[in-house]
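We'll go stop by stop, and at each one I'll say what to pick and what you'll find.

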Amino acid sequence: GPKVDINAKNVYGKEDTMITIQWDALLAEQFDMYYIDENGEKQRPYIIHRTSMGCYERTLAWLIEKYAGMFPTWLCPEQVRVIPISEKFHDYAAKVEAQLKESGIRCSVDQRSEKMGYKIREARLARVPYMLIVGAKEEEEGKVSVRSRYLGDEGMKDFGDFLAAIKEAIRKRINNLPFQISTETVISVKNGAVVNELLVHTTALFYYSFTFSSKYQHFNRIK
């Protein structure tokens, strides 16, 4: 039957099918499917095939290509990595991690006995949006030293302020948001260097929906 394909261009300019919606005129008859209409009579339903993601691997490959592995913070599998400068601060790092996870932030703690430069480099190569360095001063003052994928070393920040800012950025799906810039400021900028990109074209891949016509919306009985 008739079919609707929703395509997206990959980095090579080739169109890949991401979503398919198709009417099947034969399936209901083959499986002897019917419903009882408002007059108490049997009717054949219209069968609609719908795939919100035609292929998980292709969709993930498309996203990886589009962002070159540098996903916006809201989409990253790991959004924050906490790095204590020595074993003495593992407890504070764990406390920071627990508060992040409690707020729904995907994070981890790097507790390995490696040099700081090595751990920071690995987090950068892993495209982690934010690194939180914690040591004696940070623990004493309840702060974190922020290194972001966007601005590099952002200095020491109040942990509560950082947590509020990243939660807001993730909630509004703001791309490449420097943490010290408020959401209100970003939205107010029309043609400045910072752009509020809400990535509607990406989220549509995961939230596409199709509604039956009202005549066939409710099945009283399907055999």
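Among contacts in the chain between residues at least 6 apart in sequence, what percentage join residues at least 24 apart? The share is 58%, where contact means heavy atoms within 4.5 Å.

Some ground rules before you click. This is a predicted model, in which local features need pLDDT of at least 70 and side-chain atom pairs count only at pLDDT 80 or more, while totals for chains, interfaces and linings use all residues. Residues are numbered from 1 along each chain as its sequence is written, and side-chain values use heavy atoms, with hydrogens and water left out.

**The whole chain**

Show the cartoon: the chain has eight helices and 10 strands. Both are DSSP runs numbered from the N terminus, helices being H or I with at least four residues and strands E with at least two. Colour by burial next, and 35% of the 223 residues come out as buried. Here buried means under 20% relative accessible area, exposed means over 50%, and partly exposed is in between (1.4 Å probe, protein chains only).

**Strand β8**

Select residues 130-134, which is strand β8. Five of its five residues are buried, so β8 is largely enclosed by the rest of the structure.

Strand β6 (residues 80-84) runs parallel to β8, joined by five bridges. To see one of these, pick P84 and its bridge partner V134. With β9, β8 pairs in the antiparallel sense over four bridges. I133 stands opposite S145 there.

**Aromatic rings**

How many aromatic pairs does the structure hold? There are four. Rings of Phe, Tyr and Trp (its six-membered ring) pair if their centres lie within 6.5 Å; planes under 30 degrees apart count as stacked, over 60 as edge-to-face and the rest as tilted.

Go to W23 and Y46. Their ring centres are 5.8 Å apart and their planes are at 50 degrees, so this pair is tilted. The two come from distant parts of the chain, 23 residues apart: W23 is in strand β2 (residues 15-24), and Y46 is in the loop between β4 (42-43) and β5 (47-51). W23 is partly exposed at 31% relative accessible area, and Y46 is partly exposed at 38%.

Then jump to Y130 and Y150, an edge-to-face pair with 5.8 Å centre to centre and 70 degrees between the planes. This one also links distant parts of the chain: Y130 is in β8, and Y150, 20 residues apart from it, is in the loop between β9 (143-148) and β10 (152-158). Both tyrosines are buried.

**Charges over rings**

Two more rings have a charge to look at. A charge sits over a ring if NZ of Lys or CZ of Arg is within 6 Å of the ring centre and within 35 degrees of the ring normal. At Y67, the charged end of K66 is over the ring, 5.4 Å from its centre. At W74, R173 lies over the face, 4.9 Å from the ring centre.

**The nonpolar cores**

A nonpolar core is a set of buried Ala, Val, Leu, Ile, Met, Phe, Trp, Tyr and Cys residues joined through side-chain atoms within 4.5 Å. Select V80, V82, V96, L100, L132, V144 and F162: of the 21 residues in the largest core, these touch the most other members. Elements giving two or more residues to this core are β6, α3 (90-102), β7 (107-109), β8, β9 and α6 (159-171). The largest share, five residues, comes from α6.

Centre on L100. Leaving aside neighbours within four places in sequence, L100 has contacts that include V80, V82, L132 and F162. A second, separate core has eight residues, among them M18, L63, F71 and C76.

**Last stop: the loop between α2 and β6**

Q79 is in the loop between α2 (56-67) and β6, and Q79 is buried at 1% relative accessible area. Beyond neighbours within four places in sequence, its contacts include T73, W74, V128 and Y130. P72 is in the loop between α2 and β6 and is buried, at 0%. Draw a C-alpha to C-alpha distance from P72 to V128: they are 56 residues apart in sequence and 9.7 Å apart in space.

Key: Two strands pair if DSSP finds at least two bridges between them.
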